[in-house]
Amino acid sequence: MEKTVNHKAWFLVLPVLVLVAFSAVIPLMTVVNYSVQDTFGNNVFFWNGLGWFEDLLASERMWNALGRQLVFSGTILAIEIPLGVFVALNMPKRGAWASLVLVLMSLPLLIPWNVVGTIWQIFGRVDIGLLGYTLDSLGINYNYTQNPIHAWITVIVMDVWHWTSLVALLAYAGLQSIPDAYYQAAKIDQASRWKVFRYIELPKMAGVLMIAILLRFMDSFMIYTEPFVVTGGGPGNATTFLSIDLVKMALGQFDLGPAAAFSLMYFLVILLISWVFYTVMTNLDKRGG
Amino acid sequence: MAKITLDNLAHSYLPRPAGPDDYALKELNHDWEDGGAYALLGSSGCGKSTLLNIISGLLVPSQGRILFDGRDVTQALTAERNIAQVFQFPVVYDTMTVRDNLAFPLRNRGRPEAYVAERVAEIAAMIGMEHMLDRKARGLTADAKQKISLGRGMVRKDVNALLFDEPLTVIDPHMKWELRTQLKKLHHDFGHTMIYVTHDQTEALTFADKVVVMYDGRVVQIGTPQELFDRPEHTFVGYFIGSPGMNLLPAEVSGREARVPGGTMPLLHEYRGLSGRVQVGVRPEHVRLSAGHGLPVSIRRIEDVGRHRIIRADLMGHDLNIIAPEDQAIGADMTRAVFDPARVNVYADDWRVKAA
Amino acid sequence: MTLELHGVSRIVDGQEHIRPTDLRLERGTMNVLLGPTLSGKTSLMRLMAGLDRPSQGRITWDGRDVTGLRVQDRQVAMVYQQFVNYPSMTVFDNIASPLRLMGVARPEIDRRVRETAEMMKLTSMLTRRPLELSGGQQQRCALARALVKNAGLVLLDEPLANLDYKLREELRVEIPRIFEASGAIFVYATTEPEEALLLGGNTATVWEGRVTQFGPTPQVYRQPVDATTARVFSDPPMNFLPVVKSGGRIAFDQGQGASAGLAAGLPDGRYLAGFRPNHLAIRQPAPDAWRFDARLVVTELTGSETFVHLDHHGRRWVGLVHGVHDLPLGRVLPVWLEPRHVYIFGEDGRLVTPAAYAAAA
């Protein structure tokens with residue numbers, strides 16, 4: 001539908017544009033500025049061109065962090081999407097229980113992210129944490145501060161605990177839109193539960209799932225707070241994901257130039273992947289109709 | 001194919017129904033003959049969809065039993081009853097091809113592929129979709145999808161009954177014709193028991209051998225289209241069937257004469273001992289305008305429907321509808337209405353009174 | 001008040017949804033847009049309302065160009081197929097809502113709402129919410145909300161399509177009554193030819209984005225300008241038969257034929273004969289009637305009439321005969337057609353000779 005042109009709308013948007021300019025566009029320009037310059041710390045800058053970018057692409061540290069990040073994002077997607085869908089399939093559709101379950105599912109999403117990190121940090125401690133203590137008493141030598149594998153598992157379980165609800169709620173919304181007649185027809189056709197899922201529920205949820213995958217991928221690719229609070233990026237480099245690495249570089253070492261270049265590339269990578277997702281989604285939509 | 005028996009069947013959606021008003025379906029005893037084409041006709045909320053869902057097993061009745069060929073299936077699951085149902089809007093598996101859609105019920109039952117391929121080819125020919133078998137079901141038109149639904153229902157040879165829940169609702173008037181005649185032809189060629197739920201009298205009357213008219217959860221009359229048209233047992237049947245429905249006038253009936261607003265009119269039979277609210281009913285097709293004798297009417301409006309004309313007249317304050325053939329001239333001097341005495345029915349408290 | 005469309009067309013994504021159209025709708029007229037689904041009826045109505053801009057052409061209201069005017073600034077009311085009411089407001093508030101938006105005074109609102117509710121037989125429902133009403137009542141509420149504005153242009157997009165058959169009949173009798181009282185320009189979209197005939201007024205037949213004919217309804221019905229209009233304006237579908245005229249004879253398929261009669265004056269050549277189902281007879285109606293031998297495929301009884309489905313040399317025909325007839329299926333039957341009921345169309349579809357009975361009416 002074409003809306004008839006309404007010029008008054010521009011005036012309403014102007015304040016927001018100004019705000020966004022101040023808080024986002026200008027700082028972005030500053031970052032671009034830093035990324036092509038170098039300094040010896042005495043506030044004298046000289047042109048470095050693409051120097052930082054070249055260094056970055058050659059840096060083993062960056063590629064390692066990227067590798068860890070991709071493994072992390074891939075793993076949590078592989079767990080959260082099916083788990084979320086499974087939970088959604090089993091959530092009650094009607095009645096008093098439905099509202100209660102919806103509220104319970106929303107709770108993890110409401111907790112501030114650093115609190116989530118803190119919860120799990122304490123949870124995993126052998127001396128005062130419920131999980132740590134239980135695992136220890138079962139004889140498992142659980143230590144997320146020293147054992148990289150334990151650290152990974154903790155961070156992944158924490159993310160799953162935190163975000164699966166989002167996938168579940170989105171999938172639930174998608175399921176609600178399926179008319180009863182489809183289930184009735186499936187009963188008449190004697191379709192097994194698996195076939196009902198594959199041929200009725202999954203196709204109808206496809207659009208919603210695409211959104212869920214996109215959101216979870218973007219968020220996990222940028223993840224900082226939760227793993228940082230729990231492991232600080234350790235032990236060693238084990239859980240140093242891209243954003244953690246970036247912050248170390250920018251604020252820890254105060255290497256503004258490389259950090260700025262890193263930020264820009266980070267930004268471009270996310271933009272590219274989101275664009276790919278978006279194109280795939282709208283194509284699916286067009287074909288689907 | 002099976003004979004379906006309803007035994008003391010009733011249904012209430014409330015957990016503890018108090019009176020008759022709490023029942024969506026009031027007590028019902030009926031046999032559906034094997035191989036018959038039936039229509040369940042009534043307006044929204046009359047209980048026809050409830051009854052259909054009880055027959056298909058999607059709903060368990062709160063009272064009574066339902067039997068297939070003498071076997072009690074009241075508690076049986078839908079899958080065990082071997083019925084097929086076509087819904088109001090097309091239900092197809094979008095991601096599958098037409099072929100896979102038709103094959104679905106057979107594959108779910110584990111039938112061998114050779115048999116499945118044969119049946120699918122047969123059914124596709126029956127519904128006229130042989131050339132579309134390998135297309136994805138997603139992009140097809142509504143009537144094509146309904147045909148697929150129909151085909152999917154018929155692909156099992158042992159299907160007991162085909163149930164239709166207002167299947168032509170989303171179909172364009174132009175395509176309704178094709179689907180209707182196809183259903184009719186399928187019934188004629190293969191003789192499945194078919195039960196068709198609708199609120200559209202044309203669909204019901206053209207499809208069924210016998211029509212079950214429902215009103216307020218009760219079956220009001222079961223009969224052939226002609227019986228329903230000529231001898232409606234209840235004023236609701238008279239009103240619901242026919243476009244426009246039967247004219248009803250308050251009357252005082254004694255012997256062979258009825259006194260209605262505007263005068264008296266002769267009846268074909270004699271009636272005695274009538275009590276309650278008495279009305280005479282006559283269909284607009286059986287009323288004629290004349291210049292001579294008859295009841296005095298004034299014409300409010302004439303509607304030209306192409307193949308005939310509907311004259312909306314007023315008889316002493318009561319609405320009177322008359323259907324006049326296309327060619328008939330309507331002169332200004334035609335201010336009287338004559339009823340065909342052979343087609344007049346007498347009703348007392350809404351139920352038809354038989355002649356003495 | 002006159003609404004005119006001058007060369008209005010609409011192109012969406014490179015596809016022509018509406019081909020360049022000229023229409024003139026007069027004050028106080030009921031105008032029916034008749035056509036199958038997706039033929040462009042809704043697109044046309046949206047253009048008239050101002051919800052969409054035409055890709056080309058102008059729309060004028062009483063001579064004034066309103067093409068760029070927003071819908072809020074035009075005097076338009078619209079009723080949809082899905083009963084659209086504000087679910088959280090009472091019926092009274094629903095009907096009052098357009099007046100409140102217009103800033104009408106309270107006592108005036110009260111008076112007009114009650115007047116309109118009375119007209120739509122909703123007076124006893126004013127304190128209820130739409131979801132507590134039946135389908136027919138909800139649609140009446142939507143209609144009331146559209147009428148209370150006293151808008152110059154009232155658009156109804158298949159408003160009765162979601163209602164039961166009988167309810168549709170009843171509301172259909174009321175709509176002309178309401179329309180006569182209002183004096184606005186009514187535009188009513190429908191897929192059913194019978195509805196167009198019952199509503200009267202003018203009809204515009206729409207096919208694939210094009211208005212094929214616009215005029216008084218009985219005229220469009222009886223004197224279609226081309227085969228497409230005849231096809232759109234016929235339910236059951238019109239029957240067609242290719243014929244060849246040579247000299248004083250008209251030949252049908254397989255050797256059958258008849259004398260040319262009224263078509264004698266036409267140049268020799270191929271034509272398309274069309275006739276309506278209710279003019280097909282199973283008993284010879286007149287000595288000069290055309291005779292066909294067709295196979296009976298299936299019959300449908302409606303209690304007072306019989307639909308006869310025939311196969312004439314591969315062509316499917318539908319006949320509507322009076323009375324209940326039990327005919328033998330699968331057999332070849334003679335059927336008759338009076339020449340005065342026949343429309344002759346050229347091979348390009350345009351009407352050459354209208355049916356004689358129609359010209360007389």
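How many Å separate the centres of domain 1 of chain B and domain 2 of chain B, taken over C-alpha atoms? The views below come from a predicted model, and the first of them takes up this question.

**View 1. The two domains of chain B.** In chain B, domain 1 covers residues 4-240 and domain 2 covers residues 248-352, and their centres, taken over C-alpha atoms, are separated by 38 Å. Where the domains meet, domain 1 of chain B contributes six residues to the contact and domain 2 of chain B contributes eight residues. On the side of domain 1 of chain B that touches domain 2 of chain B, one residue is nonpolar, three are polar and two are charged.

**View 2. The contact of chain C with chain B.** Here 31 residues from chain C meet 30 residues from chain B. Among the elements that give two or more residues to the side of chain C are the helix α5 (165-182) and the strands β17 (305-312) and β18 (315-322) of chain C, while β16(C) supplies the largest share, four residues. By class, this side of chain C consists of 16 nonpolar, eight polar and seven charged residues.

**View 3. Two packed helices of chain A.** Helix α3 (residues 60-90) of chain A packs against helix α9 (residues 193-221) of chain A at an angle of about 145°, with the axes 10 Å apart, and the crossing of α3(A) and α9(A) is right-handed. The residues that make the contact include F72(A), I76(A) and E80(A) of α3(A), together with I213(A), R216(A) and F217(A) of α9(A). Counted by class, the contact of α3(A) with α9(A) has nine nonpolar, four polar and two charged residues.

Technical notes: Residues numbered from 1 in each chain as written. Chains lettered and ligands numbered in written order. Predicted model: local features only at pLDDT ≥ 70, side-chain atom pairs only at ≥ 80, totals over all residues. Contact = placed C-beta atoms within 7 Å. Nonpolar A, V, L, I, M, F, W, Y, C, P; charged D, E, K, R; others polar. Axes fitted to C-alpha atoms, helices over the stretch in contact; angles between N-to-C directions. Left-handed = near helix turned anticlockwise from the far one by under 90°. Domains from an automatic or database assignment.
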